[in-house]
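Good morning, and thank you for making time for this presentation.

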Amino acid sequence: MLQLEYLDLYLIHWPLSAKPGKIEFPVPKDELLAMDFNSVWVAMEDCQRFGLTKSIGVCNFSCKKLENILSFATIPPSVNQVEISPLWQQQKLREFCKSKNIVVTAYSPLGAKGTRRGTHEVLDNETLKEIANAHNKTVAQVCLRWALEQGLSFVVKSFNKERMRENLHIFDWGLSLDDYKKINEIKQRRLLPKLEMVSPNGPFKSLEELWDGEI
């Protein structure tokens, strides 16, 4: 389907499956199925062993779901890609991943503003605006510098050349202790809860179940 012979990184996008057939995202709620984690991960490991991918990992896995994978994996996940921003810092999950040598990649570190699933809350946050003004930077640069200083890799998308250039200008300055004090006081809330993955007839009947309480 990808028409590629090799991938650097191959990820399980969500900890659930869908009825086979046409590819549609979001998956219709009546087609959501429980994932057979053991067999799926064995197949992922085979992809790495056969040289089809350099590394394998997961996305949107809670500590509990990672513990499940690690309980039988012979090749542990190298990456867990999850929502992280200054407004949803995921400290518990990050510490767990660090203890298991799993790299954490932040998606939507700027809130994915302007997309169908995104939010303006990150880029419009008053605390982050205050910090940005103090450094003569943009809020996006503050968020990405914060992620960099946390030891995170991150995925940020833009089709605007000027913003692309701005996103690269995060390496020659740093956040202060006072900045961190302000950022750590920001109220935490999952901004992209993914209600579309919850269904009364699916594997996760509530957000609590989907995220194992990490909401």
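First, a word on the basis of what I say. This is a predicted model, in which local features need pLDDT of at least 70 and side-chain atom pairs count only at pLDDT 80 or more, while totals for chains, interfaces and linings use all residues. Residues are numbered from 1 along each chain as its sequence is written, and side-chain values use heavy atoms, with hydrogens and water left out.

Let me start with the overall fold. The protein chain contains 8 helices and 7 strands; these are DSSP runs numbered from the N terminus, with helices being H or I of at least four residues and strands being E of at least two. Its C-alpha trace spans about 50 × 40 × 35 Å along the principal axes.

How much of the chain is buried? Of the 215 residues, 41% count as buried. Buried means under 20% relative accessible area, exposed means over 50%, and partly exposed lies in between, with a 1.4 Å probe and protein chains only. The chain exposes about 12200 Å², and carbon and sulfur atoms supply 54% of that area; accessible areas come from the Shrake-Rupley method with a 1.4 Å probe, and for residues only the protein chains shown count as cover. Among contacts with a separation of 6 or more, 63% are between residues 24 or more positions apart, where contact means heavy atoms within 4.5 Å.

The UniProt record, an unreviewed entry, places the feature "domain: NADP-dependent oxidoreductase" at residues 2–186. Its positions are given in the numbering used here, feature names are shortened, and annotations may be inferred rather than shown by experiment. Over residues 2–186 the chain is 37% helix and 16% strand, and the end C-alpha atoms are 40 Å apart.

I turn now to the backbone. Most residues other than glycine have a negative phi, and most peptide bonds are trans. Against that background, F25 and P26 are joined by a cis peptide bond, with omega about 0°. P26 belongs to the loop between strand 2 (17–18) and strand 3 (32–33). A112 has a positive phi, near 55°, and sits in the loop between strand 6 (103–107) and helix 4 (126–135). A112 is buried, at 14% relative accessible area. K194 also has a positive phi, near 70°; its loop runs between helix 7 (177–184) and helix 8 (207–211). K194 counts as buried as well, at 7% relative accessibility.

Two further buried residues deserve attention. T105 lies in strand 6 and has a relative accessible area of 8%. Apart from residues up to four places away in sequence, T105 touches V79, N80, Q81, V82, S153, F154 and V155. V142, in helix 5, is buried at 0% relative accessibility. Beyond its neighbours within four places, V142 is in contact with L128, I131, A132, W173 and L175.

Which residues pair by charge? Side chains of opposite charge can pair when their charged atoms come close. The structure holds 12 salt bridges, each defined as a side-chain nitrogen of Lys or Arg within 4 Å of a carboxyl oxygen of Asp or Glu. One of them joins D124 and K113, whose closest N and O atoms are 3.6 Å apart. Both lie in the loop between strand 6 and helix 4, so the pair ties together parts that are 11 residues apart in sequence. In helix 5, R145 and E149 form a salt bridge at 2.7 Å; being 4 residues apart, they are separated by about one helical turn. R145 is buried at 13%, whereas E149 is partly exposed at 29%. R165 and E162 meet at 3.1 Å, N to O, and both lie in helix 6 (residues 161–168), 3 residues apart.
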